[in-house]
Amino acid sequence: MRVYVPLTLPGLAEAHATGELGSSGGPLVAYAVTPGLREWYVSDDIEELEYAALGRAAFASLRLLVPDAAAPRRRVVVAVDVPDGAAASDPDRALDPAALGEVRVTGPVRLAEAAAVHVDADEAEADVSAAVRALPAADAGDDDARFVVDGAEDHELLWYAAQEIAHLVGTDR
């Protein structure tokens with residue numbers, strides 16, 4: 001099963017240093033094509049559904065930036081394949097819009113198994129930064145703030161091979 005793990009650049013650097021995603025010991029939160037996501041998007045096109053799961057992970061990455069003022073304002077998502085039984089969604093939250101596509105991955109997830117890394121381009125930083133600032137107000141129902149948050153989603157994440165992680169986190173020097 002392909003899962004999309006939301007991170008920040010410092011989180012990616014930590015994973016690069018430890019060799020594992022989610023080395024905190026608990027289940028790793030990721031996003032995948034779940035039955036709830038399929039039902040919500042009403043699509044059988046797996047590429048379209050995987051893109052939706054990637055988008056959900058990118059939004060979760062945006063949320064990770066809120067408490068980390070020192071992190072560069074770029075969303076990061078790692079795509080990795082895990083055994084089918086290693087990822088499970090909460091059936092009680094299957095159609096909860098806040099949990100669409102969310103899964104918990106148990107067991108270690110080696111960064112070496114990453115299929116790709118998706119990261120915002122430098123040009124997205126201003127919009128991502130504005131979205132991070134607006135997110136609390138958007139969550140409280142402010143439509144103007146929601147518009148600002150949506151501005152970050154207008155930026156496509158760039159694709160990087162797993163071999164480029166050292167370059168992304170600045171340890172290739």
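Predicted model: local features only at pLDDT ≥ 70, side-chain atom pairs only at ≥ 80, totals over all residues.
**Exercise 1.** Find the buried residues of helix H1 (residues 9–18) and say what covers them.

*Solution.* Start with the cut-off: buried means under 20% relative accessible area. In H1, the buried residues are Leu9, Gly11, Leu12 and Ala15. They cover an arc of only 155° around the axis, so they sit on the same side of H1. Now look at the cover: it includes strands S1 (2–7), S2 (20–21), S4 (76–81) and S8 (114–119), along with helix H6 (165–168).

**Exercise 2.** Describe how helix H4 (residues 125–139) packs with helix H5 (residues 143–153).

*Solution.* Begin with the geometry: the two helices pack at an angle of about 145°, and their axes are 7 Å apart. The crossing of H4 past H5 is left-handed. Next, pick out the contact residues, among them Val128, Ala131 and Leu135 of H4 and Ala145, Val148 and Val149 of H5. Finally, sort the residues of this contact by type: eleven are nonpolar, one is polar and two are charged.

**Exercise 3.** Which parts of the chain does the salt bridge between Arg2 and Asp81 tie together?

*Solution.* First check the distance: the closest N and O atoms of Arg2 and Asp81 are 2.8 Å apart, and the cut-off is within 4 Å. Then place the partners: Arg2 lies in strand S1 and Asp81 in strand S4, so the pair ties together parts 79 residues apart in sequence.

Terms used. Residues numbered from 1 in each chain as written. Heavy atoms only, no water. Buried < 20%, exposed > 50% of the residue type's maximum accessible area, 1.4 Å probe, protein only. Helix = DSSP H or I, 4+ residues; strand = E, 2+ residues; numbered from the N terminus. Arc of directions from axis to C-beta. Contact = heavy atoms within 4.5 Å. Axes fitted to C-alpha atoms, helices over the stretch in contact; angles between N-to-C directions. Left-handed = near helix turned anticlockwise from the far one by under 90°. Nonpolar A, V, L, I, M, F, W, Y, C, P; charged D, E, K, R; others polar. Salt bridge = Lys/Arg side-chain N within 4 Å of Asp/Glu carboxyl O.
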